Amino acid sequence: MKTYIDIGINLTNKQFQNDIDDVVQNALDADVSQMILTGTSVRNSEESSRIAKEYPGILYATAGIHPHDAKSFDAQSISKLRNLLKQKQVVSVGECGLDFDRDFSPRNIQETCYKAQLELAIEVQKPLFLHERAAFTKFMSITKDYLPQLPKAVVHCFTGTLPEAKTYLDNGFYLGFTGAISDSKRFDHLKEVIQYVPVDRMMIETDAPFMLPKNTPNNLLMKYHERRCEPAFLPFVAATVAQFKGVSGIVVAEETTRNAKIFFRI
Ligand SMILES: [Zn+2]
C-alpha cells in the first residue's frame with residue numbers, strides 16, 4: 001500500500017486551532033500515515049509534544065528553537081528541550097539553524113542558539129531537523145565543526161541552489177522538500193535540484209499551513225479563503241518529485257517513507 005510521511009507540519013499554528021482532529025483524519029485518508037510536528041520554540045515544542053502524545057504512532061514532534069525564536073533562548077532552554085527529548089514521541093532535535101533572510105533574531109544569538117542545539121543532538125543522539133535560509137556559508141562553517149559526532153541531519157524545506165544541495169549531500173545530510181518545488185515562478189531552479197538528489201536522500205513535507213503545493217486542486221482546500229496547506233496535500237509534493245525525476249509516484253512514496261522511518265526511527 002502507498003503511504004507517505006510528512007516530516008514537517010506546524011499543527012500548533014492558529015490556523016489549525018479548531019480542527020486538528022479533522023486535519024489529521026483527512027491526512028490519514030490521503031494515505032499520509034505519519035506526521036512530525038515541528039517545534040519552533042520551547043513553548044511551541046512543549047505544545048507540539050503534547051498534541052503528538054494524543055495520536056500515538058501517528059503524530060510525532062521535534063523539540064527545538066527556530067532561528068527566528070533564538071532571541072527567546074535562555075539559560076533554561078536546553079534543559080527544557082532535553083526533558084522533552086526524553087519522551088518517545090519527541091523524535092528529533094530542531095528545528096534549529098540560521099535564517100539570515102529575515103533576521104528576526106540577531107545573527108550572533110542565532111549562532112549561539114544553533115550551536116547549543118547541535119551539542120544537545122550529539123548528547124541525546126536524536127536526528128537533527130535543520131533550517132537554513134540565506135545563511136549557507138556560515139551555517140556550513142559552524143556545522144562542520146560538529147560533523148564527526150553529529151547524528152543524522154535533514155535540511156528541511158530546501159530552497160537553495162544546486163551547489164548548496166551537493167554540499168549538503170556530500171556531508172551526509174538529507175534534504176526535505178515542500179510544495180515550494182511546484183512554484184515554478186519563485187523556485188524554478190528546484191527542478192534541477194530534485195533531478196540531482198537521489199531518492200534515498202530525500203524526504204517530503206508540507207510545512208502546513210504554509211507552502212501550499214501549486215498543484216493542489218482548489219476543491220480540496222478546506223479553508224479555501226486562507227488557502228491553507230494541510231498534511232493531506234503531501235501526495236501533491238510527491239507527485240511533483242515524481243514528475244521531475246521521471247519516476248512513478250509509488251517509488252517516491254515508498255522511498256521517502258522508508259527514509260523517514262529509518263531517519264526518525266518511527
Ligand atoms: Zn524551517
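Guide: Helices (H or I, at least four residues) and strands (E, at least two) are DSSP runs, numbered from the N terminus. With those names in hand, let us visit M211, which is found in the loop between β8 and α8. This is a predicted model, in which local features need pLDDT of at least 70 and side-chain atom pairs count only at pLDDT 80 or more, while totals for chains, interfaces and linings use all residues. Residues are numbered from 1 along each chain as its sequence is written, and side-chain values use heavy atoms, with hydrogens and water left out.

M211 is not a glycine, and yet its phi is positive, at about 55 degrees. With a relative accessibility of 27%, M211 counts as partly exposed (buried means under 20% relative accessible area, exposed over 50%, partly exposed in between, with a 1.4 Å probe and protein chains only). P209 also belongs to the loop between β8 and α8, and the peptide bond joining A208 to P209 is cis, with omega about 10 degrees. As background, most residues other than glycine have a negative phi, and most peptide bonds are trans.

E230 counts as buried because its relative accessibility is 2%. Its side chain makes a polar contact with the side chain of R228, at 3.1 Å (a polar contact is a pair of N or O atoms within 3.5 Å; within protein, one must be able to donate a hydrogen and the other to accept it, and residues adjacent in sequence count only if both atoms are side-chain atoms).

A134 is exposed, since its relative accessible area is 55%. There is also a cis peptide bond from G94 to E95, with omega near 5 degrees, and E95 lies in strand β4.

E95 leads us to the metal. The zinc ion is coordinated by E95 through OE, H131 through ND1 and H156 through NE2, at 2.0 to 2.1 Å (donors are N, O and S atoms within 2.8 Å of the metal, or 3.2 Å for Na, K and Ca; water is not among the atoms, so sites may look incomplete). Along the sequence these donor residues follow the spacing E-x35-H-x24-H. E95 sits in strand β4 (residues 90–99) and H156 in the loop between β6 and α6, so this pair ties together parts that are 61 residues apart in sequence. E95 counts as buried at 3% relative accessibility, and H156 counts as buried at 4%.

The structure holds nine aromatic pairs (rings of Phe, Tyr and Trp, the last with its six-membered ring, pair if their centres lie within 6.5 Å; planes under 30 degrees apart count as stacked, over 60 as edge-to-face and the rest as tilted). F158 and F177 make an edge-to-face pair, because their ring centres are 6.1 Å apart and their planes stand at 80 degrees. This pair links distant parts of the chain, 19 residues apart: F158 is in the loop between β6 (153–155) and α6 (162–170), and F177 is in strand β7 (residues 174–177). F158 is buried, with a relative accessible area of 3%, and F177 is buried at 0%. Both rings belong to one aromatic cluster, together with Y114, F136, F139, Y168 and F173.

One more stop is Q195, in helix α7 (residues 190–196). Q195 is partly exposed, with a relative accessible area of 42%, and its side chain reaches the backbone oxygen of F244 at 3.0 Å. Q195 and T3 are 192 residues apart along the chain, and their C-alpha atoms are separated by 22 Å.

Finally, let us step back to the whole. The protein chain has nine helices and eight strands. Its C-alpha trace spans about 45 × 40 × 35 Å along its principal axes, and buried residues make up 58% of its 266 residues.
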